[in-house]
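The following report goes through the salt bridges, the strand pairing, the nonpolar cores and the helix of the structure shown here.

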Amino acid sequence: MLLGRVIGHATSTVKHPSLRGWRLLLVQLLNVRSEPEGDAVLAVSRYGAGVGQQVILNADGRGARDTVKDEKSPVRYFVIGIADEIAGQAAGA
């Protein structure tokens with residue numbers, strides 16, 4: 001599991017069929033101090049997380065393909081939850 005902050009949403013007029021109906025989020029990965037770490041990633045979600053919210057990601061490509069129900073999907077990251085803001089602040093303290 002990874003912690004990240006939603007920094008934007010992606011839209012696409014042409015995308016892999018397995019991604020239809022999924023919200024595409026641009027997520028900046030965070031370290032244990034809630035500081036940006038590494039490059040941002042594209043993740044699929046059905047939870048409705050908005051820009052600025054912390055999310056919990058899974059980076060298991062097999063799990064992501066199972067989630068979107070398509071063995072040939074290019075998806076790797078998927079949101080498994082929205083982090084509690086109070087817990088996120090406590091962890092960063």
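A salt bridge is counted here when a side-chain nitrogen of Lys or Arg lies within 4 Å of a carboxyl oxygen of Asp or Glu. The model is predicted, and local features need pLDDT of at least 70, side-chain atom pairs count only at pLDDT 80 or more, and totals for chains, interfaces and linings use all residues. Residues are numbered from 1 along each chain as its sequence is written, and side-chain values use heavy atoms, with hydrogens and water left out.

**Salt bridges**

| Salt bridge | N to O distance |
|---|---|
| Arg-33 and Glu-35 | 3.3 Å |
| Arg-62 and Glu-71 | 2.5 Å |

In general, side chains of opposite charge can pair when their charged atoms come close. Relative accessible area is classed as buried under 20%, exposed over 50% and partly exposed in between (1.4 Å probe, protein chains only). On that scale Glu-35 is partly exposed at 35%, Arg-62 is partly exposed at 42%, and Glu-71 is partly exposed at 48%.

**Strand pairing**

Helices (H or I, at least four residues) and strands (E, at least two) are DSSP runs numbered from the N terminus, and two strands pair if DSSP finds at least two bridges between them. Strand β1 (residues 2-10) runs antiparallel to β2 (residues 23-30), to which seven bridges join it, and Ala-10 stands opposite Leu-24 in β2. Strand β1 is also antiparallel to β4 (residues 54-58), with four bridges between them, and here Leu-2 has Leu-57 as its bridge partner.

**Nonpolar cores**

A nonpolar core is a set of buried Ala, Val, Leu, Ile, Met, Phe, Trp, Tyr and Cys residues joined through side-chain atoms within 4.5 Å. The largest such core has 11 residues, among them Val-6, Leu-25, Val-41, Leu-57 and Tyr-77. At least two residues of this core come from each of β2, β3 (36-45), β4 and β5 (77-82), and β2 gives the largest share, three residues. A second, separate core has eight residues, including Leu-19, Leu-24, Ala-64 and Phe-78.

**The helix**

In helix α1 (residues 61-68), the buried residues are Gly-61, Gly-63, Ala-64 and Val-68. These four lie on the same side of α1, because they cover an arc of only 160 degrees around the axis, the arc being that of the directions from the helix axis to the C-beta atoms. The buried residues of α1 pack against β3 and β5, where contact means heavy atoms within 4.5 Å. Just after α1, Lys-69 adopts a positive phi of about 60 degrees.
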